[in-house]
Amino acid sequence: MTDITSLPPETTASLDLHRRDMAVAGQWRLFWLKFKKHKIALASLVVIVFMYLVAAFADFIAPFDPNATNARFTYAPPQGLSLMLDGSFQPHVDQLKMTLNTESMRREFMPDPTKPVSVSFFVPAQQPYYLLGFIPMQTKLFGLTNPKPGDSMYIFGADRLGRDIFSRVVHGAKISLSIGLVGVFISLILGVTIGGISGFFGGWIDLAIQRFIELLRSIPTIPLWMGFAAAIPVGWPPLRTYFVITLIVSLIGWTSLAREVRGKFLSLRNEDFVTAARLDGMSEIGIIFHHLVPSFISHIIATLTLAIPSMILAETALSFLGIGLQPPIVSWGVLLQEAQNIRAVAQAPWLLFTPATAIVISVLALNFLGDGLRDAADPYESVS
Amino acid sequence: MSTTSDTILEVKDLKTLFPTRTGIFKAVDGVSFELKRGKTLCVVGESGSGKSVTARSILQIVDRPGRIEGGSVLLTRADGSTTDLAKLDPRGREIRSVRGKEIAMIFQEPMSSLSPVHRIGTQIGEALRIHFGTPKHEQRERVLELLRQVEIPRPETAIDRYTFEFSGGMRQRVMIAMALACNPSVLIADEPTTALDVTTQAEILDLIKKLQQSHGMAVLFITHDMGVVAEIADEVLVMYRGKVMERGSVEQIFHTPQDAYTRRLIDSVVRLEKKAEVRLSRPAIPTGTPPLLDVRNLSLTFASGLKAVDDVSLIVRPGETLGIVGESGSGKTTMGRCLLRIYDAQSGAIDYRRPDGHTVDIRTADKAALVKIRSEVRMIFQDPVGSLSPRKTVGQIIAEPLKIAGMKGRELNDRVADLMQHVGLEPAWRERYPHAFSGGQRQRIGIARAIALNPRLIIADEATSALDVSLRSQMLDLMMKLQDELGLSYVFISHDMSVIRYMCDRVAVMYRGKIVEVGETDQVVNDPAHGYTRALLSAIPHPDPHNRRIHNRFRYDAGRTVSANG
Amino acid sequence: ADYKQAPMLDEQVKAGKLPAVASRLPDNPYVEAMIDGVGKYGGTLRTTILANGDQYNLTRTIANELLVRWDPQWKKVMPSLAEEFKASDDATTYTFKLRKGLKWSDGQPFTVDDIMFWYEDVFMNNALSPAKNPTFTVAGKPVKVTKIDDQTVEFKFESPYGLFLQQLAYGQGHLPVIYPKHYLSKFHEKYNKEGIPALLKANPAAGDWVALFNSKVSLTFQPPFWQNLELPTLNPWVLTVPYADSERVVATRNPYYWKVDTAGNQLPYIDGITWAKLDDPQLMALKMTSGEFDFAFRHINNSTFKSVLFDGQKTGNYRFVDVKDLPANDAVILLNLNSTDPVKRKIFQNKDFRIALSHAINRQEIIDLVYVGQGAPAQVAVQPEHELFNERQAKQYTEFDPKRSNEILDKIMPKKDAEGFRLDETGKRFTINFMVADVFGLSYPDVMQMVQQYAKDIGVDIQLRTTDRARLNTMWSANEQDAYIWNCVGGLSEVYTDPRCYMPFQKADIFFAMKWSEWYSNHATGEEPPEAIQALMAAYDKVNAAVTDDDRRQKMKDFLNLSADNFLNIGISRPMPKYMMTSNSLKNVVNGIPITGNLWHPAPTLTQWYFDKPAK
Amino acid sequence: MLRYIVKRMVFAIPTLFAVSIVAFIIIQLPPGDYLTTLMADWASQGGAVEAGTVAAMRERYGLDQPIYFQYYKWIAGILTRGDFGISFELGKPVTELIWNRLGFSLLLSVLTLCFVWAIAIPIGILSAVRQYSISDYTATFLAFFFLAVPDFLMALSAMYVMSAWFGQSVGGLFSPDYVDAPWSLGKLVDFAQHVWLPVVVIGLGSLAALVRIMRANLLDELSKPYVTTARAKGMSEFELLLRYPVRLALNPLISTIGWILPAVISGEINVSVVMSLPTTGPLLLRSLLAQDMYLAGSLILLISVLTIIGTLISDILLAITDPRIRLQ
Ligand SMILES: Nc1ncnc2c1ncn2[C@@H]1O[C@H](COP(=O)(O)OP(=O)(O)OP(=O)(O)O)[C@@H](O)[C@H]1O
Ligand SMILES: Nc1ncnc2c1ncn2[C@@H]1O[C@H](COP(=O)(O)OP(=O)(O)OP(=O)(O)O)[C@@H](O)[C@H]1O
Ligand SMILES: [Mg+2]
Ligand SMILES: [Mg+2]
């Protein structure tokens, strides 16, 4: 009669102390320990948190009203913000000298280094506003110290109506980082669920879902959007229109994910661990979400990060059809849309680069964050 | 010939490390041994002791981030030139010309070690192309010959097939063929016969022996099966936790083991040769008790037309262990799966007696009933890797059935810890993922999951195949202890006759989907009635180097009994 | 006389494929007055066209040959194909005498028979013309055309139609001279009943002879005219690559063209024209600046592109030429006075509301910002340089005076909601859903964005719906719009014939009172307008019937005055002259040529353009 | 295999019907029809269109009939005579209009695909083999940059740079001299000089997806035991990479080949419009805007058919390249 306790003790003696720590660490702690190792992911997390903070406090951070126009400064180039003046800390920008050229129909600007315009932090706002929609505020994070006519501070330049691109990008983050991403998640949920059902159950359900996906996929998007554009009542507020269209876009967007998920499920559904879960009495949906989805999470993350920029940009196509965002609401897509002309490309590239950079940074950050999360969630240690 | 010129491969103080995030893990820690021309060195040892890593280190194909930290691997060629393999650039031309040509390797996992999208023939012939630039048709000739040698049926068609069309045993034989393609002077075989039934295993062992004799090939043979060791080994190396515990001739290891671990190993072997002690003291099950499970005329035909289960009838009584033995591919797993409706049998009845005395036919039961039955009848899967969700921690895996049964919070935690302790796993490891366990530990996780709900019947499919002998005997003891405590019944599927003998009250022998013989274990083992059973018994390697009897085996071929050597 | 021809034709004449130039020209060819002097033959004019739906560009460039024409200064109606014309004193009968020896581009003579073919077999044929073109009808009654002799034809109306000659000199007057009888009669049921089934078989796209006929000829601004290479015309260039699915359009000189210069050189000077078909104006501008075109005007001659084009003058080797494209206003807010929503309709029809909205707009700011200072605050009105200019009409309610707006609105819609927006009589926020299409390069979305802010300041909620032009088209023709912004014709002389911005005139692209215009063209349809509008309509009827120029001018002034009283829509900016780009080597280009919706220039003057240094 | 294909085709038939109905409904969704477009167009040319003319034309075009009847006429024409109807605007049978452009679209798509593959696969491999290295990060960054800039803007910028900085003639697929010329060596060279820009612009947008997918797939495959098996045979690392993991990682890519067919027409409309390419995209856009019903409907139908054929081809290709799918 063998005593159970006399089984060879699988101690962790051969491991050093740290590893022993690791071996017994809780799942979440383990996750965090691993995630911390991924420096870029960590930095990305910081960037993303920062971006969302910017979006939340846009009113405070943006020095100007994103829709405030200024005829004097149409297409004003970016004014470099310098911190030092004559050896002391005195943030300032150079004043822009403007000449109106009626022949070429434009204003021409020359920075005048002899006329610094002082910039300081926590300046009074031109208009009181509500931070986060309810905190009454009178102060902006930074701005002109005492604005005189002719002074300006366009750190990322101005657009065709003399609006401050920096403020517009900051405000644009609100939409682009919120509603803009809703569609991605709807696509995700639909794609995984429907694709999962299709692949998991197979048979007639699979056949029907596959034909349906084929049908959806085979309709080109432009006519579809045009059809919807016509069907949406003109009286709807623009945000609702945009939201509904985002929904519709994502209702179509799930199909490719669904096909991939299905393929995966087809090959996984007969794995023993799935059978084991079924024997444990787990429901089919439970199996899909508890066992199958986690096993190709990296694919999902890759798909997601690829889908995000397309979602943010979807509205550039939509606004052409009159169902995108309408002024005065701004988003990064709107800003890029406005940069889509030869004038901006040739003579005001900052209109293009500023929003594009914002999108690239956020997408890269989301991507690397995704990578980091995936690696951290991956039980298989990868090379560090 | 002098001793030194006999030595082909000399491994000295080999150290292989795995740097992990949290520190250095020494998988191989100062291993030394020599391989002699025409001789076989068997490596045994606890699972996870570094046998495979040692083998891989020789060819410098340790998975990243593992690296060889020290020691030398001296290869001495027939012309007397020597090379230290451990010093070569792992991606360089030199080591490449050794791999596959001079030293070939058979990998442990036959299922996944073959490419799923290349034809069998291409994969085998590849080494010939790389090393000799053999033209296509010659390659084909050679591959066909190899396939014939490893007993793949109908090699002409098999050569153009894909991996997934092969059963586990066939894949393993393909791996062997691949390794033998270039007539290597050293063969490293990492558990090359685990998926093979004893009869086929014997053929393969014979083949290797023949090649050894004709080419003077040296063999490094890693195995858990002490019977095999006794049959083929010239020398034995015992490993434990990355270190060599003991090295010596096969007789010495079996008859005068020095090291404590070796002794435990040999003890277990001996113990497994007999009926378990626990069972000796058990009262016999009264013959009149109504069966727990009554299977009648069960049949299942796969879509491919293969009749995997053919009119099978069985009875399992409460508290009884029924062993199922049979050749690989005879339908054991399939039949076990039918019992739990993982596969839908086409005909027959599976009457299961519920605790309240009612009988339910599992084959036709509705969903709700099935869920209840499945909490009483549990399964241990043949493949411990595949049956554990790779992204769930062990704690979660074991807790899953409990959670579904409604257990929560502290109670759940305690129960999981309790179960882990039961199967000899440290409860502190509950947050680890399955891949961080060795093959044997994984099998124990499967067992813990199966017993979590206090079941009444467990269908155990090769539940101990990945364990080394000492662990195996302890696991079997545990299972029998649970049987005593809970009044459990087992359907115990196995290749291994010694396990059956140790564990089972009665045995059913399956052959090509049919039950060809059922009876009390002692009776079947000692006085087999069916030809196949006899053939099976004759091919069992005997764990005694003095008494190598595998050569006296014979084969059963659809009613004909032929001597293997005849 | 001694006529000369382009060198490219010499060979063909020598080979006998073409008659000598003298016999190709009419007895009395039209003699074109030159600007820079007699030009040189040769060269290909490279220009551009939008890939789709831009036939009008071709029409404006090479197809405006009429019985009578406007002089290049748009002052008086002059002879053209007709060497003489005469109006009766009661303005009901007009006689035209064609030049003798005019020929279609295939060499067949053009005579009164062709005009009669148009009149009898096209215009009066109910299958081909189910409704009669308004240019040739008065009070619902179509014109009566009579052949006097091979060269003389008479147009007779039942009631006085003093504007007929003007109408005929505009592009839409081309109907009588685009139907070559010798070519078209084989597609006409009356002339070729037996042959038609075979023709239909060969042309599966046409279901019957009417479709077949319509696929061979159309008005010049419709696609079929530019898709049929066989169709003989009287234009200076004839197509060799149609405006269909090729990547370009090509035209080559018409050897039978009927104009000469003062030295007797047969026009045109330029051998051929190629249009690069582009899908996007951006690319047009880019190619212009890289010197790939000799001439361009439509789609890129607006403030959006000016700055880029200005910088590209050197690389593109072109110069800017002024174009007097002066509509009545560049940006007009058109509230739908016939809105189907009774609440909105009532408010829109309230002139005080319109006044209030007008005062709320800071026009100067919009002009500075959007039009780079090019413009002046103004309502819809005739331009100051024109004799019909009415200062009150142009200036009324243009001061930026939000206080006044609020005062007025407080009477109409005194209640406001929490956000400060005014409520209508049902207690709901009064919202105008404004349709905005980005057309003509006039940056309407930007303008409206500013208007939206101004409206907000006086408590009026404007929601912008940026949309494409096609959708806007369908919306307004279904009378579904609340309001939209567009530009308005009628800034110069065309106001006589086209007062669509000054009254509910006809179904055109200005829809601020669609139901009333329907009623105006046919009292059985649409909706009867209020008294004041009916009076306005009656005032215009008087203009149409006026016989003498003086009388007509007076009646027109009265009409404009009445229109100013009604203040139907809200103008923002008086337009400034537009421009076109022509290669530096092009000469004889009229500077300041007038262009409007129905004055199809520069086609009639293009024949005298020539390359200084003939292009390679 | 054959049975599988036949089965797939049979199932495609009801889908095709559904698609044709959906296509027809979609183009009917916006209010108005071709004639409202036409009327508005005429009106802006300074004239007015008489109600009578419009009514007569509507009757002539059959636009006054109920929609199901119009559908029936259209679909019956297609099925019985291969007649897709006529384009109202261009006055020609739809079939005449589509093929030439379809050819260019197809050519462009294939070239783009080749370009993208030629770039993305090596980069994807590099980025996987050297995971988390500088080259990996650079590739990721560039891929996402091109993904984040709308294709329209990319086209415009590229054209501006090529035109203003390098003096290249941009837009279209040929110089004016060659547009109507028959094919010759010169025309081919001219074509090559023009086509690379749209190919690059369109390709860069889809680069990201491909690089990332390649990288992810490869990372999955690289650690598979069969790679070690091959290594143990003495295969060189490079051959190893190409023969095993890349071969397997390509499967998901191969399955996207079929998708280029539908992309031929509807994909990259924006780029085609900006660059004035003689492809089907601008034609579709214009026909939709002008409500040129049969042209639009036929194009949509064609896209749908191509999608379905494309899916079929993908599945077949996948089955050919992956025996696991073929034989199970
Ligand atoms: N890639 C890796 N990373 C980290 N540790 C590893 C890795 N591969 C193997 N190991 C560790 O090295 C040790 C030796 O493993 P090895 O595969 O050699 O065991 P084995 O003796 O062959 O066992 P078995 O009998 O189960 O095959 C194990 O503890 C295992 O956890
Ligand atoms: N899903 C399946 N489809 C078709 N054939 C199958 C399937 N599963 C198993 N088989 C075939 O059925 C037969 C019985 O297989 P089974 O797995 O039951 O054998 P086994 O007795 O458990 O063998 P082993 O000892 O190798 O585990 C084999 O020939 C196998 O190839
Ligand atoms: Mg091993
Ligand atoms: Mg089995």
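This is a predicted model: local features need pLDDT of at least 70, side-chain atom pairs count only at pLDDT 80 or more; totals for chains, interfaces and linings use all residues.

Colleague: Let me start with chain B. How many helices and strands does the secondary structure of chain B come to?

Modeller: Helices (H or I, at least four residues) and strands (E, at least two) are DSSP runs, numbered from the N terminus. Chain B has 21 helices and 22 strands. Its radius of gyration, taken over C-alpha atoms, is 24 Å, close to the 24 Å from the globule rule for 566 residues, so chain B is as compact as a globular protein of that length. That rule is 2.2 Å times the number of residues to the power 0.38. The C-alpha trace of chain B spans about 75 × 55 × 45 Å along its principal axes.

Colleague: What share of the residues of chain B count as buried?

Modeller: Buried means under 20% relative accessible area, exposed over 50%, and partly exposed in between (1.4 Å probe, protein chains only). In chain B, 60% of the 566 residues are buried. For contacts, we ask for heavy atoms within 4.5 Å. Among the contacts in chain B between residues at least 6 apart in sequence, 67% join residues at least 24 apart.

Colleague: Now the metal. Which protein donors does the magnesium ion (ligand 4) have?

Modeller: Donors are N, O and S atoms within 2.8 Å of the metal (3.2 Å for Na, K and Ca); water is not among the atoms, so sites may look incomplete. Here the protein donors are Thr333(B), through OG1, and Gln382(B), through OE1, lying 1.8 to 2.3 Å from the ion. Thr333(B) sits in helix α13 (residues 332–339) and Gln382(B) in the loop between β16 (377–380) and α15 (394–404), so the pair ties together parts of chain B that are 49 residues apart in sequence.

Colleague: Are these two residues buried, exposed or in between, and what are the values?

Modeller: Thr333(B) is partly exposed at 21% relative accessible area, and Gln382(B) is partly exposed at 36%.

Colleague: You mentioned α15(B). How many of its residues are buried?

Modeller: In α15(B), 8 of the 11 residues are buried, so the helix is largely enclosed by the rest of the structure. Among them are Val394(B), Ile397(B), Ile398(B) and Leu402(B). The buried residues pack against α10 (272–279) and α11 (284–292) of chain A, and also against β16, α16 (409–422) and α17 (439–451) of chain B. After α15(B) comes Gly406(B), with a positive phi near 105 degrees.

Colleague: What does Leu482(B) touch beyond its neighbours within four places in sequence?

Modeller: Leu482(B) lies in helix α18 (residues 469–486) of chain B and is buried at 4% relative accessible area. Leaving those neighbours aside, Leu482(B) contacts His422(B), Ile451(B), Gly487(B), Leu488(B) and Tyr490(B).

Colleague: Which residue of chain A has a positive phi although it is not a glycine?

Modeller: Met105(A) does, with phi at about 55 degrees. Met105(A) is in the loop between β2 (88–101) and β3 (106–131) of chain A, and at 10% relative accessibility it is buried. In chain C, Trp74(C) has a positive phi near 65 degrees; Trp74(C) lies in the loop between β3 (68–70) and β4 (77–79) and is buried at 4%.

Colleague: Last one: where is a cis peptide bond?

Modeller: One joins Leu267(C) and Pro268(C), with omega about -5 degrees. Pro268(C) is in the loop between β13 (259–260) and β14 (272–278) of chain C. Another cis peptide bond joins His601(C) and Pro602(C), with omega about 5 degrees.

Methods. Residues are numbered from 1 along each chain as its sequence is written. Chains are lettered from A and ligands numbered from 1 in the order in which they are written. Side-chain values use heavy atoms; hydrogens and water are left out.
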